[in-house]
Amino acid sequence: MFKLKNTVQKLRKVGLRGMHSTLEDVKLESMQVKILPALQDNYMYLIVDNKTREAAVVDPVDPELVIKTVQEANVTLSKVLTTHHHWDHAGGNEKLVKLWEKELEVYGGDDRIGALNKMVRQDDSFTIGSLNVRCLSTPCHTTGHICYHVTAGDGKGEGAVFTGDTLFQGGCGRFFEGTPEEMYEALCTKLSALPDTTKVFCGHEYTLQNMSFARHVEPDNESIQQRIEWAKLRRASQDPTVPSTIGEEKIWNPFMRVHEASVQKHAGGATDPIITMGKLRKEKDNFKA
C-alpha cells in the first residue's frame, strides 16, 4: 500500500503539468541543484548556495515553474544563466524578468539571448552567494554557447557544470553553427579538463537515445550497456537520468572518446580525433535507435 501511495503521488506530481520527468533535488556539499523538467524533454536547473540561500536558474524556459520552486524553497533568486539563444533554453528569459519583483542579472554569451544584461566570455567569473561560477565558451551548437562550471568558494568538494546543448549524457549537440574542431575543443579540451567528479547537468533528457548510439559505436563497452539498463529503470518511473559526471562521460561518451582506437575504428579508421569527431556526428545525425 505504501509503495502504491508513493507511485500515485509521483504520477500526480508529474501528470498534472504534463511533465516528462519528476522534480528532483541533487544535494552536493556546497550547493543544491533542483532539476526542473520543461517542455517535451528540456531541463532547467535551480542552483542554490547552501550557505547564503542565494540562487540562480539555468535556462528558465518555464518561468512559472521557476517562480513556484523559488518561493517554495524560500531562496533568493538573483541570476539567470543562459547556455545559448535557442528558444527552448532562452525563451522564458524575458517573461521571467517581467514577472520577478526584483532585478535579475541575465548571463549569456550571445546577443541573440532575450533580456541579456551580462555578456560573458571564456574564463569570465561571478558568484552565486558563496559559490564561484566560471564561464566556458563552447561554440559549435551555437556560436555563443556557454557552459557554467560552479564550485564552492574554497574550491573544495564536488563541482557541477551546466552544459546546455554542448555535452549530453552519452552524446553532444548538433553542429548547427560550428565545426568538428570546435566541438573537439569544447568536449576534449575544456570540459575534459574539469575534475572527474564534476556533476554534469545537461539541457535535455536524451540519455537513452544517446546511449543507443554509443552502444552502436562501442558494442563491447560494458559501461554503456550498464548505463542503458540503469537509465531504462529510471525512465520507467519518469525519473531524470541526470546528472552524470565528467569521469563517467570519458568512459561511455563516444564524442569524448575520439582518441580511443575502438571509436576511431568504428568511424573509418582515421587516427585524427577531429576527423573522428566529424564522422561520428554525421552518423549520429542520421542514426535510428
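In which sense, parallel or antiparallel, do strand 10 and strand 11 pair, and over how many bridges? In this predicted model, strand 10 and strand 11 (residues 160-164) pair in the antiparallel sense, and three bridges hold the pairing. Within that pairing, H149 sits opposite V161 of strand 11. Strand 10 has a partner in strand 9 (residues 131-137) as well: these two run antiparallel and are joined by six bridges. Here L136 faces C147 of strand 10.

Now for a pair of helices. Two packed helices can be described by the angle between their axes and by the distance between those axes. Helix 5 (residues 180-191) packs against helix 10 (residues 273-285) at an angle of about 105 degrees, and their axes lie 9 Å apart. Because angles of 65 to 115 degrees count as roughly perpendicular, helix 5 is roughly perpendicular to helix 10. On the helix 5 side, the contact is made by P180, E181, M183, Y184, L187 and C188, while helix 10 brings in P273, I274, M277 and G278. Sorted by kind, the residues of this contact come out as eight nonpolar, one polar and one charged.

A last stop is H85, a residue in the loop between strand 5 (76-81) and helix 3 (87-90). The relative accessible area of H85 is 18%, which means that it is buried, since the cut-off for buried is under 20%. Setting aside neighbours within four places in sequence, H85 is in contact with A90, D110, R112, I113, T142 and E177.

Technical notes: Residues numbered from 1 in each chain as written. Predicted model: local features only at pLDDT ≥ 70, side-chain atom pairs only at ≥ 80, totals over all residues. Heavy atoms only, no water. Axes fitted to C-alpha atoms, helices over the stretch in contact; angles between N-to-C directions. Helix = DSSP H or I, 4+ residues; strand = E, 2+ residues; numbered from the N terminus. Parallel < 35°, antiparallel > 145°, perpendicular 65-115°, else oblique. Contact = heavy atoms within 4.5 Å. Nonpolar A, V, L, I, M, F, W, Y, C, P; charged D, E, K, R; others polar. Buried < 20%, exposed > 50% of the residue type's maximum accessible area, 1.4 Å probe, protein only. Pairing = 2+ DSSP bridges.
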